[in-house]
Amino acid sequence: MVEDYTAFPAPNGAIKMAIKSDVAPFSYIKDNKFVGYDIDIMIRFCKAYGYGLEIISLEIPPILAGLSIGMYDISAAGMTVTEERAESVNFANPSYTGGVVAVVANRGQFGAAPEGEEVGFWAGLGNSFYKNFVQENRWQMILSGLGVTFLISICSAILGTVIGFGLCMVRRSRSKVASKVAAVFIRIIQGVPVLVLLMVLFYVVFAGARLDGIIVAIFGFSINFGVYVSEMMRTGIDAVDPGQWEAASAMGFGRVKTFT
(Lines give C-alpha, C1' and ligand atoms only; values in the text may rest on other atoms or scores of the structure.)
Protein backbone atom coordinates (compact mmCIF):
# COMPACT_ATOMS: atom_id res chain seq x y z
CA MET A 1 0.00 0.00 0.00
CA VAL A 2 1.64 3.26 -1.18
CA GLU A 3 0.85 6.30 0.93
CA ASP A 4 -0.55 9.36 -0.80
CA TYR A 5 2.56 11.53 -0.45
CA THR A 6 0.86 14.39 -2.35
CA ALA A 7 -1.32 15.04 0.70
CA PHE A 8 1.51 15.31 3.25
CA PRO A 9 1.59 18.50 5.35
CA ALA A 10 4.70 20.37 4.25
CA PRO A 11 5.70 23.04 6.77
CA ASN A 12 9.31 22.78 5.55
CA GLY A 13 8.48 22.93 1.86
CA ALA A 14 8.51 20.22 -0.78
CA ILE A 15 11.34 17.99 -1.99
CA LYS A 16 11.54 17.58 -5.74
CA MET A 17 12.70 14.05 -6.50
CA ALA A 18 13.79 12.92 -9.97
CA ILE A 19 13.63 9.19 -10.65
CA LYS A 20 14.09 6.72 -13.48
CA SER A 21 10.84 4.80 -13.36
CA ASP A 22 11.97 1.50 -14.86
CA VAL A 23 14.48 0.20 -12.32
CA ALA A 24 12.37 -2.18 -10.27
CA PRO A 25 12.33 -2.85 -7.39
CA PHE A 26 13.87 0.53 -6.54
CA SER A 27 11.72 2.95 -8.52
CA TYR A 28 9.06 1.88 -11.01
CA ILE A 29 5.41 2.35 -11.91
CA LYS A 30 2.64 0.04 -10.75
CA ASP A 31 -1.08 0.73 -11.08
CA ASN A 32 -0.24 4.19 -12.41
CA LYS A 33 1.72 5.07 -9.24
CA PHE A 34 5.41 5.48 -8.47
CA VAL A 35 6.53 2.70 -6.14
CA GLY A 36 9.73 1.00 -5.03
CA TYR A 37 12.30 0.92 -2.23
CA ASP A 38 13.70 4.37 -3.02
CA ILE A 39 10.21 5.89 -3.18
CA ASP A 40 9.30 4.30 0.16
CA ILE A 41 12.43 5.68 1.82
CA MET A 42 11.67 9.21 0.60
CA ILE A 43 8.03 8.96 1.69
CA ARG A 44 9.11 7.93 5.19
CA PHE A 45 11.70 10.73 5.35
CA CYS A 46 9.27 13.42 4.18
CA LYS A 47 6.54 12.26 6.55
CA ALA A 48 8.92 12.22 9.53
CA TYR A 49 10.55 15.60 8.87
CA GLY A 50 7.62 17.64 7.55
CA TYR A 51 8.34 17.81 3.83
CA GLY A 52 6.09 17.47 0.85
CA LEU A 53 7.20 15.27 -2.02
CA GLU A 54 7.03 15.80 -5.78
CA ILE A 55 8.25 12.98 -8.04
CA ILE A 56 9.31 13.47 -11.68
CA SER A 57 10.18 10.58 -14.00
CA LEU A 58 13.10 11.25 -16.37
CA GLU A 59 16.05 9.60 -18.08
CA ILE A 60 19.58 9.76 -16.63
CA PRO A 61 20.98 12.69 -18.74
CA PRO A 62 18.21 15.20 -17.85
CA ILE A 63 18.30 14.02 -14.22
CA LEU A 64 22.02 14.84 -14.00
CA ALA A 65 21.52 18.18 -15.76
CA GLY A 66 18.62 19.11 -13.48
CA LEU A 67 20.50 18.13 -10.31
CA SER A 68 23.58 20.13 -11.28
CA ILE A 69 21.59 23.36 -11.70
CA GLY A 70 19.36 22.82 -8.66
CA MET A 71 16.17 22.05 -10.55
CA TYR A 72 15.74 18.82 -8.54
CA ASP A 73 16.69 18.26 -4.92
CA ILE A 74 17.44 14.56 -5.00
CA SER A 75 17.44 11.63 -7.39
CA ALA A 76 17.12 7.86 -7.15
CA ALA A 77 17.65 6.33 -10.55
CA GLY A 78 19.76 3.20 -10.28
CA MET A 79 22.62 5.42 -11.40
CA THR A 80 26.17 4.19 -11.87
CA VAL A 81 28.72 6.28 -9.94
CA THR A 82 31.49 7.61 -12.19
CA GLU A 83 34.24 10.19 -11.63
CA GLU A 84 32.79 12.48 -14.31
CA ARG A 85 29.31 12.43 -12.76
CA ALA A 86 30.73 12.95 -9.27
CA GLU A 87 32.17 16.27 -10.43
CA SER A 88 28.67 17.76 -10.81
CA VAL A 89 26.52 15.90 -8.26
CA ASN A 90 27.02 14.41 -4.80
CA PHE A 91 26.45 10.66 -4.52
CA ALA A 92 25.39 8.96 -1.30
CA ASN A 93 27.10 5.74 -0.33
CA PRO A 94 25.80 3.00 -2.66
CA SER A 95 22.82 1.20 -1.16
CA TYR A 96 22.98 -1.65 -3.64
CA THR A 97 25.71 -3.30 -5.67
CA GLY A 98 24.77 -5.57 -8.54
CA GLY A 99 26.34 -7.42 -11.43
CA VAL A 100 25.96 -7.32 -15.19
CA VAL A 101 24.00 -9.98 -17.05
CA ALA A 102 22.93 -10.70 -20.62
CA VAL A 103 19.23 -11.24 -21.35
CA VAL A 104 17.20 -12.76 -24.19
CA ALA A 105 13.48 -12.81 -24.96
CA ASN A 106 11.41 -15.13 -22.76
CA ARG A 107 9.73 -17.69 -24.98
CA GLY A 108 5.98 -17.51 -24.60
CA GLN A 109 5.96 -13.81 -23.65
CA PHE A 110 4.89 -10.83 -25.77
CA GLY A 111 3.47 -13.05 -28.47
CA ALA A 112 6.47 -15.39 -28.75
CA ALA A 113 5.58 -19.08 -28.81
CA PRO A 114 7.00 -21.74 -26.48
CA GLU A 115 9.59 -24.01 -28.04
CA GLY A 116 8.02 -26.14 -30.77
CA GLU A 117 4.74 -24.17 -30.89
CA GLU A 118 3.45 -21.28 -32.95
CA VAL A 119 1.26 -18.33 -31.96
CA GLY A 120 -0.91 -16.74 -34.62
CA PHE A 121 -0.70 -13.09 -35.58
CA TRP A 122 -3.95 -12.10 -33.83
CA ALA A 123 -3.11 -14.06 -30.69
CA GLY A 124 0.29 -12.38 -30.50
CA LEU A 125 -1.25 -8.97 -31.14
CA GLY A 126 -3.81 -9.54 -28.39
CA ASN A 127 -1.11 -10.63 -25.96
CA SER A 128 0.99 -7.57 -26.76
CA PHE A 129 -2.05 -5.29 -26.37
CA TYR A 130 -2.78 -6.77 -22.95
CA LYS A 131 0.81 -6.34 -21.77
CA ASN A 132 1.09 -2.71 -22.92
CA PHE A 133 -2.42 -1.34 -22.31
CA VAL A 134 -4.47 -3.50 -19.94
CA GLN A 135 -2.03 -4.95 -17.43
CA GLU A 136 -1.65 -2.76 -14.31
CA ASN A 137 -4.06 -0.24 -15.87
CA ARG A 138 -1.37 1.10 -18.19
CA TRP A 139 -4.06 2.60 -20.40
CA GLN A 140 -4.50 5.27 -17.73
CA MET A 141 -0.91 6.44 -18.23
CA ILE A 142 -1.40 6.55 -21.99
CA LEU A 143 -4.66 8.47 -21.61
CA SER A 144 -2.99 10.90 -19.23
CA GLY A 145 -0.15 11.41 -21.71
CA LEU A 146 -2.61 12.06 -24.53
CA GLY A 147 -4.34 14.65 -22.35
CA VAL A 148 -1.05 16.47 -21.76
CA THR A 149 -0.27 16.31 -25.49
CA PHE A 150 -3.69 17.76 -26.33
CA LEU A 151 -3.26 20.57 -23.77
CA ILE A 152 0.20 21.51 -25.08
CA SER A 153 -0.99 21.38 -28.70
CA ILE A 154 -4.04 23.63 -28.19
CA CYS A 155 -2.25 26.18 -25.99
CA SER A 156 0.77 26.28 -28.31
CA ALA A 157 -1.42 26.81 -31.37
CA ILE A 158 -3.22 29.75 -29.74
CA LEU A 159 -0.14 31.40 -28.22
CA GLY A 160 1.96 30.61 -31.31
CA THR A 161 -0.56 32.37 -33.55
CA VAL A 162 -0.36 35.48 -31.37
CA ILE A 163 3.45 35.36 -31.38
CA GLY A 164 3.45 34.80 -35.14
CA PHE A 165 1.22 37.80 -35.77
CA GLY A 166 3.47 39.98 -33.62
CA LEU A 167 6.61 38.83 -35.42
CA CYS A 168 4.92 39.41 -38.76
CA MET A 169 4.11 43.01 -37.81
CA VAL A 170 7.70 43.60 -36.67
CA ARG A 171 9.06 42.10 -39.90
CA ARG A 172 6.86 44.47 -41.93
CA SER A 173 7.56 47.52 -39.79
CA ARG A 174 9.19 50.60 -41.27
CA SER A 175 12.10 50.25 -38.83
CA LYS A 176 14.85 48.40 -40.67
CA VAL A 177 16.61 47.53 -37.40
CA ALA A 178 13.48 45.95 -35.87
CA SER A 179 12.75 44.11 -39.11
CA LYS A 180 16.30 42.72 -39.31
CA VAL A 181 16.31 41.64 -35.65
CA ALA A 182 13.01 39.82 -36.13
CA ALA A 183 14.32 38.18 -39.32
CA VAL A 184 17.46 36.93 -37.54
CA PHE A 185 15.39 35.61 -34.63
CA ILE A 186 13.09 33.75 -37.02
CA ARG A 187 15.99 32.18 -38.92
CA ILE A 188 17.69 31.07 -35.69
CA ILE A 189 14.55 29.42 -34.31
CA GLN A 190 13.84 27.75 -37.66
CA GLY A 191 17.36 26.31 -37.65
CA VAL A 192 17.28 24.99 -34.09
CA PRO A 193 15.67 21.54 -33.57
CA VAL A 194 12.63 21.86 -31.31
CA LEU A 195 14.09 19.34 -28.84
CA VAL A 196 17.20 21.49 -28.43
CA LEU A 197 15.01 24.57 -27.98
CA LEU A 198 12.99 22.84 -25.25
CA MET A 199 16.15 21.72 -23.42
CA VAL A 200 17.67 25.21 -23.55
CA LEU A 201 14.46 26.76 -22.22
CA PHE A 202 14.00 24.17 -19.47
CA TYR A 203 17.59 23.76 -18.27
CA VAL A 204 19.00 27.23 -18.97
CA VAL A 205 16.46 30.02 -19.49
CA PHE A 206 13.86 28.92 -16.92
CA ALA A 207 16.14 26.80 -14.71
CA GLY A 208 16.03 29.26 -11.83
CA ALA A 209 12.25 29.72 -12.04
CA ARG A 210 11.64 25.95 -11.70
CA LEU A 211 8.56 26.17 -13.89
CA ASP A 212 6.46 23.11 -14.57
CA GLY A 213 7.65 21.21 -17.64
CA ILE A 214 4.25 21.55 -19.32
CA ILE A 215 4.41 25.35 -19.14
CA VAL A 216 7.92 25.39 -20.60
CA ALA A 217 6.80 22.98 -23.34
CA ILE A 218 3.87 25.24 -24.24
CA PHE A 219 6.19 28.25 -24.43
CA GLY A 220 8.79 26.37 -26.49
CA PHE A 221 6.33 24.94 -29.01
CA SER A 222 4.60 28.34 -29.22
CA ILE A 223 7.87 30.01 -30.24
CA ASN A 224 8.58 27.28 -32.80
CA PHE A 225 5.04 27.46 -34.18
CA GLY A 226 5.02 31.27 -34.10
CA VAL A 227 8.05 31.78 -36.34
CA TYR A 228 6.50 29.64 -39.08
CA VAL A 229 3.11 31.34 -38.70
CA SER A 230 4.77 34.75 -38.97
CA GLU A 231 6.39 33.86 -42.29
CA MET A 232 3.15 32.44 -43.67
CA MET A 233 1.28 35.60 -42.66
CA ARG A 234 3.97 37.86 -44.12
CA THR A 235 4.01 35.92 -47.37
CA GLY A 236 0.22 36.11 -47.61
CA ILE A 237 0.15 39.85 -46.96
CA ASP A 238 2.97 40.54 -49.42
CA ALA A 239 1.09 38.54 -52.05
CA VAL A 240 -1.76 41.08 -52.06
CA ASP A 241 -1.71 43.00 -55.35
CA PRO A 242 -0.39 46.58 -54.92
CA GLY A 243 -3.43 47.82 -56.81
CA GLN A 244 -5.67 46.75 -53.91
CA TRP A 245 -3.63 48.83 -51.49
CA GLU A 246 -3.81 51.79 -53.85
CA ALA A 247 -7.58 51.35 -54.27
CA ALA A 248 -8.06 51.32 -50.50
CA SER A 249 -5.94 54.46 -50.17
CA ALA A 250 -7.97 56.17 -52.91
CA MET A 251 -11.15 55.39 -50.95
CA GLY A 252 -9.72 57.22 -47.94
CA PHE A 253 -8.65 54.18 -45.88
CA GLY A 254 -5.61 54.62 -43.66
CA ARG A 255 -2.87 52.01 -43.27
CA VAL A 256 -4.55 50.21 -40.34
CA LYS A 257 -8.00 50.16 -41.97
CA THR A 258 -6.53 48.97 -45.23
CA PHE A 259 -4.74 46.14 -43.50
CA THR A 260 -7.88 45.21 -41.54
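Helix α4 (residues 121-134) packs against α5 at an angle of about 65°, and their axes are 6 Å apart. Axes are lines fitted to C-alpha atoms, for helices over the stretch in contact, and angles run from 0 to 180 degrees between N-to-C directions. The two helices α4 and α5 are therefore roughly perpendicular (65 to 115 degrees). Lys131, Asn132, Phe133 and Val134 of α4 meet Arg138, Trp139 and Ile142 of α5, where contact means heavy atoms within 4.5 Å.

This is a predicted model, in which local features need pLDDT of at least 70 and side-chain atom pairs count only at pLDDT 80 or more, while totals for chains, interfaces and linings use all residues. Residues are numbered from 1 along each chain as its sequence is written, and side-chain values use heavy atoms, with hydrogens and water left out. Helices (H or I, at least four residues) and strands (E, at least two) are DSSP runs, numbered from the N terminus.

In helix α6 (residues 176-191), Ser179, Ala182, Ala183, Ile186 and Ile189 are buried (under 20% relative accessible area, 1.4 Å probe, protein chains only). These residues cover an arc of only 135° around the axis, which puts them on the same side of α6; the arc is that of the directions from the helix axis to the C-beta atoms. Their cover includes α5 (138-171), α7 (194-205) and α8 (213-238). On the other side of α6, Lys176, Val177, Lys180, Val181 and Gly191 are exposed (over 50%).

An open sheet has three strands in the order β2-β3-β4, with antiparallel pairing; strands pair if DSSP finds at least two bridges between them. Strands β2 (22-23) and β4 (33-35) stand at the edges with a single partner strand each, so one side of each lacks a neighbour in the sheet. Strand β3 (residues 27-30) pairs with β4 over three bridges, and Lys30 has Lys33 in β4 as its bridge partner.

Conventions: Angles under 35 degrees count as roughly parallel, over 145 as roughly antiparallel, 65 to 115 as roughly perpendicular and the rest as oblique.
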